[in-house]
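Here are my notes after going through the model you sent.

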Amino acid sequence: MNVNVQFTVNGQLQRLSTDPRRTLLDVLREDLGLTGTKCGCGEGQCRACTVLLDGSPVRSCLTEITEVEGRKVESIEGLGRNGRLHPVQEAFIQEGAMQCGYCVPGMIVATVGLLRRNPKPTQTQILDALNGNLCRCCGYGNILKAVQRAVRSVAPAESATSSRTGNPK
Amino acid sequence: MATAKWPAIDKRTLIGKRIDRADGPVKAAGVARYSFDINRPGMLWAKLVVSPHARAELVSIDVSEAASMPGVKATWKDDSLLGKEVQYIGQIVAAVAAETEEIAQEAAGKVKAQYKPLAHQANDRDPTLSKDKPATRNTGNVDEAFAKADVKVEGEYGIPVITHCCLESHGQVAELRNDELHVWPSTQAVSSYADVSISDASGVPRNKIRVDCQYMGGGFGSKFNPGKWGVISSALAKQAGRPVKLMLDRDLELMIAGNRPSAFAKIKVGAMKDGTLTAMETEVWGTAGMGGGVPQQIPYVIDRIPNVRLTAKRIQTNRGPAAAWRAPNHPQSCFLTMSALADTAAALKMDELEFFLKAVQLSARAEVYSEELRIAADLIGYKQKAHLRGDPSGGSVKRGLGMSVHTWGGRGHPSECDVTINPDGSVEAKLGSQDLGTGNRTVIAIVVAETLGLPLEAVRIEIGRNAYPTSGGSGGSTTVGGVSTSSRFAATDALNALFAVVAPKMGVQPDALEANGGYIRQIDKPDNRISWRNACALLGVNSITKRGVNVPGESEKQGFISQGVGGVQMADVSVDIETGVATINEMVAVQDCGMIIDLKTAESQVYGSLIMGVAYALYEEAIYDLKTGRMLNADMEFYRLSGLKDVGKLKVHMMTSKAYDDRGIIGLGEPPVISPGAAIANAVANAVGVRVPHLPLTPDRVIAALQKGGII
């Protein structure tokens with residue numbers, strides 16, 4: 001028995017009728033074509049599937065689609081503005097913070113979520129926030145550098161982004 | 001005339017520099033499409049039915065109820081197993097394909113398989129369980145050497161089965177269209193992927209199977225072949241007449257898609273007071289599931305000990321099958337050997353660095369290892385920090401240093417590449433290679449752009465399809481040597497063909513020309529030049545395409561590639577003897593890999609290896625329940641990987657002097673992942689004063705060793 005769900009993804013309103021057993025991850029990847037959000041373990045243990053739900057990082061593989069009713073979802077595809085990547089994405093590119101790259105969208109989205117609630121995190125706060133985002137190629141050294149670079153560059157841009165997304169036209 | 005020979009170090013504009021990854025932007029933007037991301041119109045989802053028994057006779061499989069469920073479009077069962085044995089939990093017996101993943105999951109639960117359970121064997125720690133005739137090796141006179149040795153040091157060590165745990169699991173999307181089978185697998189071997197197994201399953205001849213893998217989420221040795229999941233999804237796609245996606249669920253990925261064999265050993269070392277090694281006797285055993293063998297390169301690297309005896313016993317277990325895991329057999333052999341050697345140094349009360357400097361004289365690359373040991377010692381501050389075994393300082397946190405040496409081959413694989421220069425000046429290179437995340441696209445772009453005197457952005461790299469010229473699978477550190485050489489040859493030939501067209505217009509012979517900085521110019525009169533774009537316009541309507549072929553033996557003779565590297569790693573650890581928790585303060589890797597194409601991605605490989613090594617040294621182990629034969633930690637919570645917090649300080653030093661560069665290219669994916677387990681285990685022993693004999697060095701094992709050693 002399908003249910004009707006309505007929510008926004010990257011600022012766009014989505015209405016769909018779907019199997020309530022499905023997760024936000026499935027709907028993003030299969031119905032909306034947003035495959036930037038990855039399925040790693042499918043059981044909430046690797047955080048490759050991290051998206052922002054009302055601005056906070058969540059594991060979309062554990063988020064039932066009915067839970068997002070009326071809420072605001074942001075995925076890796078929605079972070080850029082005006083044709084430019086988000087400063088956190090730029091920082092990951094500049095630091096070469098990836099190998100296979102499968103963990104990277106989740107890592108970047110988790111970083112954006114961290115910087116929204118804490119624009120100037122200490123190293124300990126960074127490690128606490130991102131320790132659950134697993135990278136099997138083990139590119140953690142450059143990932144940490146990328147997050148630190150993002151902390152230096154992101155604060156003004158991110159607050160501007162927040163005010164824009166806070167006032168959707 | 002351009003020659004293919006690698007340019008002199010001072011002439012290189014891109015090769016050997018720190019170049020950003022070509023795939024950085026698409027991966028950071030989330031638009032890189034991995035195999036798991038492929039969604040085809042009308043695509044079905046497949047789910048597997050697997051054996052719940054570690055060993056059983058498969059009596060029957062009934063898929064009729066599943067097949068009749070609304071939304072189920074195809075079923076598959078392995079009739080070849082009927083009346084035969086299933087040999088491990090997770091062995092695939094049937095599958096269903098349905099409109100949605102949820103329906104497929106529900107339908108898989110309705111497949112009825114009947115089994116007659118049989119006695120199983122899942123224990124890999126007891127050598128008496130080996131049923132094979134042991135493999136043996138004997139050099140010199142071991143008994144006499146032990147009789148004459150000043151010290152005989154005995155120890156027992158073990159390194160367990162670990163898994164690959166690729167973040168993107170194994171699997172593929174399969175689609176039959178216009179008599180062709182299109183597959184999008186997560187693979188590390190696109191050119192050889194379309195093998196007889198999926199050809200038979202789909203009824204499509206191999207020359208009509210199109211393989212496409214643009215991005216894949218890690219393989220580490222476990223994704224060369226289609227596997228049963230590739231076969232089944234191809235068969236289901238044929239039966240349903242619709243595309244099918246089959247990706248392994250995480251628990252199955254951990255259980256059946258690849259295991260690194262375990263190795264346990266009793267080792268006895270004979271040495272003289274001055275540290276001279278005279279004898280080593282080893283009994284080694286372990287499991288690779290029902291097949292495979294046991295690592296037996298012991299003594300590892302220090303392989304010129306004059307008197308050596310080895311007995312190797314394979315233990316067959318009812319567990320998931322083994323697969324190549326970065327540097328197959330080396331991490332195990334390295335850990336066992338280096339542990340025994342460090343214990344020997346400790347028994348002699350000898351400084352470990354001094355001992356290893358002496359030991360590496362009994363290796364094939366004594367000079368390289370000696371130099372690397374000294375560099376690593378400087379980088380980690382050995383002189384300031386070193387102490388004999390057992391941190392003499394008070395307090396509950398003990399600190400120690402450990403080291404290890406390793407080796408690997410890494411000769412480039414056979415590879416073919418087409419480089420095309422178009423009349424509009426655009427350039428593309430095509431090859432049936434793949435990028436596992438190592439930076440293969442970047443490497444090829446660097447070589448082609450360097451050869452043609454162009455910026456990186458001017459070159460388009462097309463890989464990931466078997467329609468392109470055949471290139472080897474990415475395993476054994478063979479890719480960088482293979483693709484760099486084939487693309488260098490192709491680009492050089494294409495450039496010379498362009499010179500032949502341009503030379504008459506410039507009033508010179510083709511051999512007077514070179515490509516540099518976006519121009520074709522006269523070598524001895526650089527002002528006589530023509531821009532790349534104008535030069536290519538002279539081609540009229542015809543592109544130039546040239547194929548480069550890397551024949552490894554030939555390229556090695558000519559100095560393009562080589563094989564055989566040495567590396568040294570040192571670890572600085574702290575161990576809390578009250579909690580048993582070991583943490584990494586710092587790791588140093590000193591690595592030789594011949595000529596480097598991209599220093600940034602090369603270093604990235606070494607950093608990643610160190611951290612992967614921290615994981616298998618401290619956390620990773622496939623834990624099996626002997627009573628049921630079930631893997632108890634087949635998820636990513638209890639199959640523990642390292643996280644951002646576990647890294648510590650890392651230092652990487654690449655050996656880049658001319659003598660190393662002159663060897664040509666040697667691959668780098670495997671060597672740096674070999675030593676971390678040994679270096680960390682030796683550092684822990686150095687810190688706490690006793691050997692913790694089995695990896696991973698979990699708190700309970702550390703505490704047990706401390707208790708046994710009377711430390712606590």
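This is a predicted model: local features need pLDDT of at least 70, side-chain atom pairs count only at pLDDT 80 or more; totals for chains, interfaces and linings use all residues.

**Notes on the two-chain model**

1. Let's start with a hairpin: strand 22 of chain B and strand 23 of chain B form one, with two residues between them. In the turn, B:G517 has a positive phi of about 60 degrees. The two strands run antiparallel and are joined by four bridges, and B:A515 stands opposite B:I520 in strand 23 of chain B.

2. Staying with strand 22 of chain B (residues 513-516), which residues are on its covered face and which on its uncovered one? B:L513 and B:A515 make up the covered face, while B:E514 and B:N516 make up the uncovered one.

3. Chain B has a mean pLDDT of 97, and 100% of its residues reach 70 or more.

4. Compare strand 13 of chain B (residues 244-247), where both faces are covered. B:V244 and B:L246 are buried on one side, and B:K245 and B:M247 are buried on the other. Note that a lysine sits in that buried set.

5. With strand 1 (residues 44-50) of chain B the pairing is parallel, over two bridges, and B:L44 stands opposite B:V244. With strand 10 (residues 171-177) of chain B the pairing is antiparallel, through four bridges; here B:V173 is the residue opposite B:K245.

6. On the domain layout, chain B is divided into domain 1 (35-119 + 170-247), domain 2 (327-410 + 562-708) and domain 3 (413-557). The centres of domain 1 of chain B and domain 2 of chain B, taken over C-alpha atoms, are separated by 39 Å.

7. Now the core. The largest nonpolar core has 292 residues. B:A46, B:V96, B:A97, B:L236, B:V448 and B:V684 have the most contacts inside it. Which element gives the most to this core? That is helix 17 (residues 599-618) of chain B, with eleven residues. As background, nonpolar side chains tend to be buried together in soluble globular proteins.

8. Setting aside neighbours within four places in sequence, B:V684 is in contact with B:G400, B:V573, B:V575, B:A582, B:V692 and B:L697.

9. As for the interface, 45 residues of chain A are in contact with 48 residues of chain B. On the chain A side, the elements giving two or more residues are helix 1 (24-31), helix 2 (87-94), helix 3 (104-117), helix 4 (123-130) and helix 5 (140-166) of chain A. The largest share, five residues, comes from helix 5 of chain A. By type, the residues on this side divide into 23 nonpolar, 14 polar and eight charged.

10. Last, helix 1 of chain A. How many of its eight residues are buried? Six are, so to speak the helix is mostly covered. After helix 1 of chain A comes A:G33, with a positive phi near 70 degrees.

Note on methods:
Residues are numbered from 1 along each chain as its sequence is written. Chains are lettered from A and ligands numbered from 1 in the order in which they are written. Two residues are in contact if their C-beta atoms, placed from the backbone, lie within 7 Å. Ala, Val, Leu, Ile, Met, Phe, Trp, Tyr, Cys and Pro count as nonpolar, Asp, Glu, Lys and Arg as charged, and the others, Gly among them, as polar. pLDDT is the predictor's confidence in each residue, from 0 to 100. Domain bounds come from an automatic or database domain assignment. A residue is buried if 20 or more other C-beta atoms lie within 10 Å of its own, exposed if 12 or fewer, and partly exposed in between; C-beta atoms are placed from the backbone. Two strands pair if DSSP finds at least two bridges between them. A nonpolar core is a set of buried Ala, Val, Leu, Ile, Met, Phe, Trp, Tyr and Cys residues joined through C-beta atoms within 7 Å.
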